[in-house]
Amino acid sequence: CDLKYVCDNDENKWGKEIVEGVTCISPGQLSGKKNVMVIILVYSRNCVNQIADQLEKMNIKYDLMENWFACVE
């Protein structure tokens, strides 16, 4: 997929390049994007509900990959 952004609530990460070509944006910037599809990738399942609730309030579609480490080579 053509990953362009990661989104984080931590303002210290906003505007920084996470990996080459992938920049961290704020939730406000995310809500301003058109045709957004979010994939929730987390280390711990503890924060999934909080992220999902935030995305639902922003009317943003999302999917959850519970074991995303299995997809990484």
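Leaving aside neighbours within four places in sequence, Ser26 is in contact (heavy atoms within 4.5 Å) with Cys7, Asp8 and Trp14. The model is predicted: local features need pLDDT of at least 70, side-chain atom pairs count only at pLDDT 80 or more, and totals for chains, interfaces and linings use all residues. Residues are numbered from 1 along each chain as its sequence is written, and side-chain values use heavy atoms, with hydrogens and water left out.

Ser26 lies in the loop between strand S3 (22–25) and helix H1 (27–31). Its relative accessible area is 9%, so Ser26 is buried (under 20% relative accessible area, with a 1.4 Å probe and protein chains only; exposed is over 50%, partly exposed in between).

The chain has two helices and five strands, in the order β-β-β-α-β-α-β from the N terminus. Helices (H or I, at least four residues) and strands (E, at least two) are DSSP runs, numbered from the N terminus.

| Property of the chain | Value |
|---|---|
| Buried residues | 19% of the 73 residues |
| Contacts between residues 24 or more positions apart | 31% of the contacts with a separation of 6 or more |

Apart from neighbours within four places in sequence, Val38 contacts Leu30, Leu55, Ile60, Lys61, Tyr62 and Asp63.
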